[in-house]
Amino acid sequence: MAAIAVFVPPYLIVIAGAPYYRRFAKNLQVKAFVQGVTATAVGAIAGAAFILGKRSLIDVTTILIAVATFALLHFKKIPEPLLILVAGVVGLLLFKG
């Protein structure tokens, strides 16, 4: 239910607004607004990632998992869901106890 409550409203807004996209796509004020919203979203995501990292990277093992994950994402282009699943399994195997 939580996932539905989070993802359905934006989906419906995008679907409802799609026919009007071409009309407003070249409007300078709309472009400026979208750039501001994009910058805000990037800042919010970066802040959340910093806080989660600060609380999650608590020892050498978790730091190594994070570094390996970043390296695999950067150099191997492994799909993120697969990488999350594998990192979760590694975490379970290392920290079951």
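Helices (H or I, at least four residues) and strands (E, at least two) are DSSP runs numbered from the N terminus. The model is predicted: local features need pLDDT of at least 70, side-chain atom pairs count only at pLDDT 80 or more, and totals for chains, interfaces and linings use all residues. Residues are numbered from 1 along each chain as its sequence is written, and side-chain values use heavy atoms, with hydrogens and water left out.

The C-alpha trace of the protein chain spans about 55 × 30 × 25 Å along its principal axes. The radius of gyration of the protein chain is 19 Å, whereas a compact globule of 97 residues would have a value near 13 Å; the radius is taken over C-alpha atoms, and the globule rule is 2.2 Å times the number of residues to the power 0.38. The protein chain exposes about 8,600 Å², of which carbon and sulfur atoms supply 76%. Accessible areas come from the Shrake-Rupley method with a 1.4 Å probe, and for residues only the protein chains shown count as cover. Buried residues make up 4% of the 97 residues, where buried means under 20% relative accessible area, exposed over 50%, and partly exposed in between (1.4 Å probe, protein chains only).

Helix H3 (residues 28-56) has 29 residues and reaches 41 Å from its first C-alpha to its last, close to the 42 Å expected at 1.5 Å a residue; the expected span is 1.5 Å times one less than the number of residues. The N-terminal end of H3 is capped by Asn27, with a side-chain oxygen 2.8 Å from the backbone nitrogen of Gln29. Leu28 lies in helix H3 and is exposed at 68% relative accessibility. Ala39 also has its place in helix H3 and is exposed, with a relative accessible area of 52%.

Thr62 belongs to helix H4 (residues 60-75). At 15% relative accessibility, Thr62 counts as buried. A polar atom of the Thr62 side chain lies 3.1 Å from the backbone nitrogen of Ile58. A polar contact is a pair of N or O atoms within 3.5 Å; within protein, one must be able to donate a hydrogen and the other to accept it, and residues adjacent in sequence count only if both atoms are side-chain atoms. Leu28 and Thr62 are 34 residues apart in sequence and 45 Å apart in space, C-alpha to C-alpha.

The loop between H4 and H5 contains Lys77, which is exposed at 62% relative accessibility. Phi of Lys77 is near 55°, a positive value in a residue other than glycine. Most residues other than glycine have a negative phi.

Leu82 is found in helix H5 (residues 80-95) and is partly exposed, with a relative accessible area of 44%. Leu82, Leu85, Val86, Val89, Val90, Leu93, Leu94 and Phe95 form a nonpolar patch on the surface, with about 720 Å² of accessible area together. Val90 and Ala39 are 51 residues apart in sequence and 34 Å apart in space, C-alpha to C-alpha.

Terms used
Patch = residues over 30% accessible without salt bridge, like charges linked within 9 Å, V, L, I, M, F, W, Y side chains within 5 Å. Salt bridge = Lys/Arg side-chain N within 4 Å of Asp/Glu carboxyl O.
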